[in-house]
Amino acid sequence: MTKHVVITGANRGIGLGFVRHYLAKGDRVTACCRRPGEASALIQLAEIHANLNIIQLDVTDESSLRALPQHLNDTAIDILINNAGYYGPKGIGFGKLRAEEWQKVLAVNTIAPIMITQTCYPMLRKANNAKVICISSKMGSMADNQSGGSYLYRSSKAGLNAALKSLAIDLRSEAIFCVVFHPGWVQTDMGGPNALITVNEAVEQMATCIDRLDASQSGQFLNFDGKVIPW
Ligand code: NDP
């Protein structure tokens with residue numbers, strides 16, 4: 001059955017990969033990005049896919065978030081993929097940390113995915129067994145942290161993981177399933193050219209896991225191949 005999939009940060013990288021994947025399956029896709037007029041890859045896709053809707057969304061901007069239900073015509077959302085992410089300035093370690101930069105990273109990676117889910121909640125409730133997917137990172141795993149540093153990004157993804165756990169518990173009774181994924185080290189602007197896997201490989205494997213996602217996995221931190229990652 002055709003699904004409605006909503007994806008943030010959809011103009012490039014992993015988000016764009018998800019757009020391509022679900023369009024190829026024939027699903028209806030709402031691609032959210034900060035500057036639709038400059039989203040050339042999405043504009044090209046929209047020329048050949050009538051089931052692609054591109055909408056403006058800066059995930060940290062409250063007025064942009066308030067306009068979301070209207071942009072979505074209040075229709076049912078089967079899969080919400082909170083993908084937009086920001087690493088923050090590189091190479092700023094302990095001793096040089098600045099609260100303002102840290103708050104920006106937290107706003108995009110930790111707060112926005114939950115606020116977007118809250119805004120989309122009435123539309124998620126309209127679907128049967130809706131799924132909320134947040135793209136996190138293994139760098140948010142405390143068990144995995146052997147090298148220190150990356151305070152801004154690590155804490156933002158650890159915070160996202162904690163919030164997602166509560167979300168999964170709170171939405172369990174309505175059969176809305178929620179997980180956080182580590183997408184792998186992926187060849188994108190953020191992952192860089194030396195990353196281990198392509199966007200396509202990451203997306204195909206996560207999409208298989210999303211298809212199979214059920215109540216037993218809701219609230220878990222999953223690797224892109226479906227293996228559970230320690231918090
Ligand atoms: P990219 O840097 O390639 O893309 C980031 C996307 O997020 C862009 O579409 C960007 O939009 C969007 N974005 C950033 N800030 C905002 C904002 N305020 N509002 C709306 N959109 C925003 O990253 P990836 O594709 O690699 O990353 C996707 C997700 O995967 C992120 O959450 C990232 O943390 C996570 N991840 C990636 C890994 C990797 O190896 N690549 C590893 C682990 C996790 P714009 O073009 O407007 O800047």
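## Helices and strands

Helices here are DSSP runs of H or I with at least four residues, strands are E runs of at least two, and both are numbered from the N terminus. On that basis, the protein chain reads β-α-β-α-β-α-α-β-α-β-α-β-α-β from the N terminus on. That comes to seven helices and seven strands.

A quick word on the ground rules: this is a predicted model, where local features need pLDDT of at least 70, side-chain atom pairs count only at pLDDT 80 or more, and totals for chains, interfaces and linings use all residues. Residues are numbered from 1 along each chain as its sequence is written.

## Overall build

The C-alpha trace of the protein chain spans about 50 × 40 × 35 Å along its principal axes. Its radius of gyration (taken over C-alpha atoms) is 17 Å, which agrees with the value near 17 Å for a compact globule of 231 residues. The globule rule behind that is 2.2 Å times the number of residues to the power 0.38.

How much of the chain is buried? Buried residues, those with 20 or more other C-beta atoms within 10 Å of their own (C-beta atoms being placed from the backbone), make up 41% of the 231 residues. Two residues are in contact if their C-beta atoms, placed from the backbone, lie within 7 Å. Of the contacts with a separation of 6 or more, 66% are between residues 24 or more positions apart.

## Where α1 meets α7

Helix α1 (residues 13-24) packs on helix α7 (residues 199-212) with axes 9 Å apart and an angle of about 60°. Axes are lines fitted to C-alpha atoms, for helices over the stretch in contact, and angles run from 0 to 180 degrees between N-to-C directions. The two helices are therefore oblique to each other; angles under 35 degrees count as roughly parallel, over 145 as roughly antiparallel, 65 to 115 as roughly perpendicular and the rest as oblique.

On the α1 side you'll find Gly13, Ile14, Gly17, Phe18 and His21, and they meet α7 residues including Val199, Val203 and Ala207. By class, this contact has six nonpolar, four polar and one charged residue (Ala, Val, Leu, Ile, Met, Phe, Trp, Tyr, Cys and Pro count as nonpolar, Asp, Glu, Lys and Arg as charged, and the others, Gly among them, as polar).

## Where α5 meets α6

Helix α5 (residues 99-125) and helix α6 (residues 151-171) also pack together, at about 20° and with axes 9 Å apart. That makes α5 roughly parallel to α6.

Among the α5 residues here are Trp102, Leu106 and Ile114, while α6 brings Leu152, Leu160 and Leu167, among others. This contact divides into 10 nonpolar, five polar and two charged residues.

How values were computed. Buried ≥ 20, exposed ≤ 12 C-beta atoms within 10 Å, placed from the backbone.
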